[in-house]
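Biologist: I'd like to go through this model with you and ask what stands behind each label. Could you show it to me?

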Amino acid sequence: MQGFSDILERLYEMTAISNLADTPAFLLMYFIAFVLLYLGIAKKYEPLLLVPIAFGVLIANFPGGEMGVIQADSQGFVTLADGSREIIWDMPLHKVAHELGIMNYLYYALIKTGLLPPIIFMGVGALTDFGPMLRNLKLAIFGAAAQFGIFAVLIASLLLGFTPQEAGSLGIIGGADGPTAIFTTIKLAPHLLGPIAIAAYSYMALVPVIIPLVVKLTCSRKELMINMKEQDKLYPEKLEIKNMRVVKIIFPIAVTTIVAIFVPTAVPLIGMLMFGNLVKEIGSDTGRLFEVASNGLMNAATIFLGLCVGATMTAEAFLNLQTLGIIVGGFLAFALSIASGIVMVKVWNLFAKKKINPLVGATGLSAVPMASRVCNGISTKYDPKNHVLNYCMASNISGVIGSAVAAGVLISFLG
Amino acid sequence: MENLGVGLLLMGVGMVTVFCILLIVIYGSRLIISLVNKMAPEAEAAPKASFDARPILEAAVAQLTGGKGRITKITEL
């Protein structure tokens, strides 16, 4: 009988049940994972990212599974299973896999090195059409105004006691660009990667709720009825594009060069975005590269990014007041970015003859193309003939460039 | 308060940089468009099909419908 009870005891210790009984915080993490899975699967909120992130959260929180990411401290030290401490950057990758598990191997090889966000940006570039922006170049400036939320929340976070690096990572959620938020956080405050990625992608998924809310609070019916096509007829654009194909090929090369000269820290993002776009615009000659960038490579990167980001959300790292601050601060950053774009359009309209629908300002944050689609839905609700999609896309796409540049500035100053 | 100073500095530098870069992108793009309009104003037109597609379409329709179908009108989309 003694032997049987020994076996039972060892079985109990082998399972995660004993650890769960000791640390009920894991149960809360399972609940969070299930809610995120529900939002991704049933509500279809950004399922391509939310599902891998949520599953990463789930598998990271099974004690003994060794799938949770162990963050190195500021000196780069990690604590191994035997209690010894080693500098993670001195450990060969096979040792990281052996000592800390495969999720840490993936995290330190693919995420901490900053490899995956630029690869995803390359895919985003391959799927982006800069045509609407090139046709409405003036509107692209509203992509800059909408970055205000990033810096406003950075200041608010500093006042709340976050370090400048943490505040920068928190503020970048206002850029409404997942890869940019992750890239910046990896560089500035990697210990906050999990909650910041979750906040960024959750709010991006909630764009159909947040934009109408901010628009309702800041815009009048008369402003939302401004018909951009009629304004175009009244005040036609003087510069006509005669050969769009050639312009679209030169554009990514020129933008990369400009950004590389002025904000080199933004080049990993902008450079890859524009490279992806270039292979798309060249056409059939680089069709195979376009196919890989926009499909296989991007999808593989998304899987690993999602799982690893989720795996950073261990109970120990996630359940604290800082996370709550990130969730609230992220929402503020998002809402302020939308509002500042709208305010800039209103100021513009005070001085310009050609009026602009404030929805064009609301799409100055990234979240392409969902923000534009949502704004088009709002405008057609007031006037079924007033389609602003193409105009919103101009500021929406420039917002991607704007948020990457803002990230570059933050990394330069705080990294 | 020191941190507030850092925040305000970052806001100033960040917003000015973003505005400047996008202004350069906007005016740079206008320059590119003007140059392309001057140097390569016309996109290479895709060669128009010179052959008559009607016999091919008629044969395909006949094969698919067992000779019962007939084309009455062909409209270019």
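Biologist: How many residue pairs are in polar contact between chain A and chain B?

Modeller: The count is three residue pairs, both residues at pLDDT 80 or more. A polar contact is a pair of N or O atoms within 3.5 Å; within protein, one must be able to donate a hydrogen and the other to accept it, and residues adjacent in sequence count only if both atoms are side-chain atoms. A word on ground rules: this is a predicted model, where local features need pLDDT of at least 70 and side-chain atom pairs count only at pLDDT 80 or more, while totals for chains, interfaces and linings use all residues. Residues are numbered from 1 along each chain as its sequence is written, chains are lettered from A in the order in which they are written, and side-chain values use heavy atoms, with hydrogens and water left out.

Biologist: What makes the side chains of Arg30(B) and Glu237(A) a salt bridge?

Modeller: The term asks for a side-chain nitrogen of Lys or Arg within 4 Å of a carboxyl oxygen of Asp or Glu. Here the N to O distance is 3.6 Å, so the pair qualifies. The rule finds one salt bridge across this interface.

Biologist: What is the area buried between chain A and chain B, and what does that term cover?

Modeller: About 3200 Å², with 85% of it from carbon and sulfur atoms. Buried area is the accessible area (1.4 Å probe) that two parts lose on being put together, summed over both. Of the area that chain A buries against chain B, Leu137(A), Leu239(A) and Lys242(A) supply 17%, more than any other three residues. By contact (heavy atoms within 4.5 Å), 44 residues of chain A meet 29 residues of chain B.

Biologist: Why is the pair of Phe142(A) and Trp348(A) called edge-to-face?

Modeller: Rings of Phe, Tyr and Trp (its six-membered ring) pair if their centres lie within 6.5 Å; planes under 30 degrees apart count as stacked, over 60 as edge-to-face and the rest as tilted. With centres 5.5 Å apart and planes at 65 degrees, this pair is therefore edge-to-face. Phe142(A) sits in helix α9 and Trp348(A) in helix α21 (residues 321-351) of chain A, so the pair ties together parts that are 206 residues apart in sequence. Helices (H or I, at least four residues) and strands (E, at least two) are DSSP runs, numbered from the N terminus.

Biologist: How do you know whether Phe142(A) is buried or exposed?

Modeller: Buried means under 20% relative accessible area, exposed over 50%, and partly exposed in between (1.4 Å probe, protein chains only). Phe142(A) has 0%, so it is buried.

Biologist: Where does Ala367(A) lie?

Modeller: In the loop between α22 and α23 of chain A. Pro369(A) lies in the loop between α22 (359-362) and α23 (370-382), and the peptide bond from Val368(A) to Pro369(A) is cis, with omega near -10 degrees.
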